[in-house]
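This report concerns a single protein chain and the way its parts pack together. The sequence and model are shown first.

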Amino acid sequence: RFLNASEDNVLQQNQNERRTCILIWTKRKFTRILKNDMNGAVGVYESGMHHPFGSRKKCPFKSIPFIMNVFLDGLIAFYAARAKFGEQKHWLAIGLESLDILRKWTKLS
C-alpha cells in the first residue's frame, strides 16, 4: 500500500471522486472476468450496488468506463442468470437492459 491508498480505502474515503471510484469498480469486474472468476464478478457487481458510484444507474454519463461497465454488467448478468437458479429473472433483466443500451449506442454510432 502506498500512503494508505488501497482501493478499499479510496472507495470508502473518497466517495466524491466519481471517476476514480468508477474506474476501480470497472477494473475489479474486468479482472474477475479475465481470471474466469465469474462468481467473483457477480460479487463485485453486487458490492458495487451499495456504493454511490458502483452502479451504472447512479452514473449515467457516457464515457469509456461507463460503456465498459454496461458491457461487463451484461456479461456478469447473463452468467448469473444461468448459474443462480432462484434469481434468473433478476439477472436476465439486468443482462437484457445492458444489451438494449448497447444496441441503442450501436444505432447512434
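The report below treats the overall fold, the nonpolar cores, the packing of the helices and a few individual residues.

**Overall fold**

The model is predicted. The chain contains five helices and zero strands, and its elements run α-α-α-α-α from the N terminus on. Of the 109 residues in the chain, 39% are buried. Among contacts between residues at least 6 apart in sequence, 55% join residues at least 24 apart.

**Nonpolar cores**

The largest nonpolar core consists of twelve residues, namely Ile33, Met38, Ala41, Val42, Tyr45, Leu72, Ile76, Ala77, Ala80, Ala81, Trp91 and Ile94. Helix H3 (38-48), helix H4 (64-83) and helix H5 (88-108) are the elements that give two or more residues to this core. H4 gives the most, with five residues. A second, separate core has six residues, including Val10, Leu11, Ile24 and Trp25.

One member of the largest core, Leu72, touches Thr26, Lys29, Phe30 and Ile33, residues up to four places away in sequence not being counted.

In H3, the buried residues are Met38, Gly40, Ala41, Val42, Val44, Tyr45 and Gly48. These buried residues of H3 pack against helix H2 (18-34), H4 and H5.

**Packing of H4 and H5**

The axes of H4 and H5 are 8 Å apart, and the two helices pack at an angle of about 145 degrees. Their crossing is left-handed. On the H4 side the contact involves Phe66, Ile67, Val70, Phe71, Asp73, Gly74, Ile76, Ala77, Phe78, Ala80 and Ala81. These residues meet Gln88, Trp91, Leu92, Ile94, Gly95, Leu96, Ser98, Ile101, Leu102 and Trp105 in H5. By class, the contact of H4 with H5 has 16 nonpolar, four polar and one charged residues.

**Individual residues**

Which residue does the side chain of Asp73 contact through polar atoms? Asp73 is placed in helix H4, and its side chain makes a polar contact with the side chain of Lys29 at 2.5 Å. Asp73 counts as buried because its relative accessibility is 2%, under the cut-off of 20%. Asp73 is also among the H4 residues that meet H5, while its partner Lys29 is one of the residues touched by Leu72.

Ser98 lies in helix H5 and is among the residues of that helix that meet H4. Ser98 has a relative accessibility of 1% and therefore counts as buried. The side chain of Ser98 reaches the backbone oxygen of Val70 at 3.3 Å. Val70 is itself one of the H4 residues in the contact with H5.

Lys27 is found in helix H2. Lys27 and Met68 are 41 residues apart in sequence, yet their C-alpha atoms are 9.4 Å apart in space.

The accessibility values of these residues are collected below.

| Residue | Relative accessibility | Class |
|---|---|---|
| Asp73 | 2% | buried |
| Ser98 | 1% | buried |

Terms used: Residues numbered from 1 in each chain as written. Predicted model: local features only at pLDDT ≥ 70, side-chain atom pairs only at ≥ 80, totals over all residues. Heavy atoms only, no water. Core = buried A, V, L, I, M, F, W, Y, C linked by side-chain atoms within 4.5 Å. Buried < 20%, exposed > 50% of the residue type's maximum accessible area, 1.4 Å probe, protein only. Helix = DSSP H or I, 4+ residues; strand = E, 2+ residues; numbered from the N terminus. Contact = heavy atoms within 4.5 Å. Axes fitted to C-alpha atoms, helices over the stretch in contact; angles between N-to-C directions. Left-handed = near helix turned anticlockwise from the far one by under 90°. Nonpolar A, V, L, I, M, F, W, Y, C, P; charged D, E, K, R; others polar. Polar contact = N/O pair within 3.5 Å; in protein donor to acceptor, adjacent residues only side chain to side chain.
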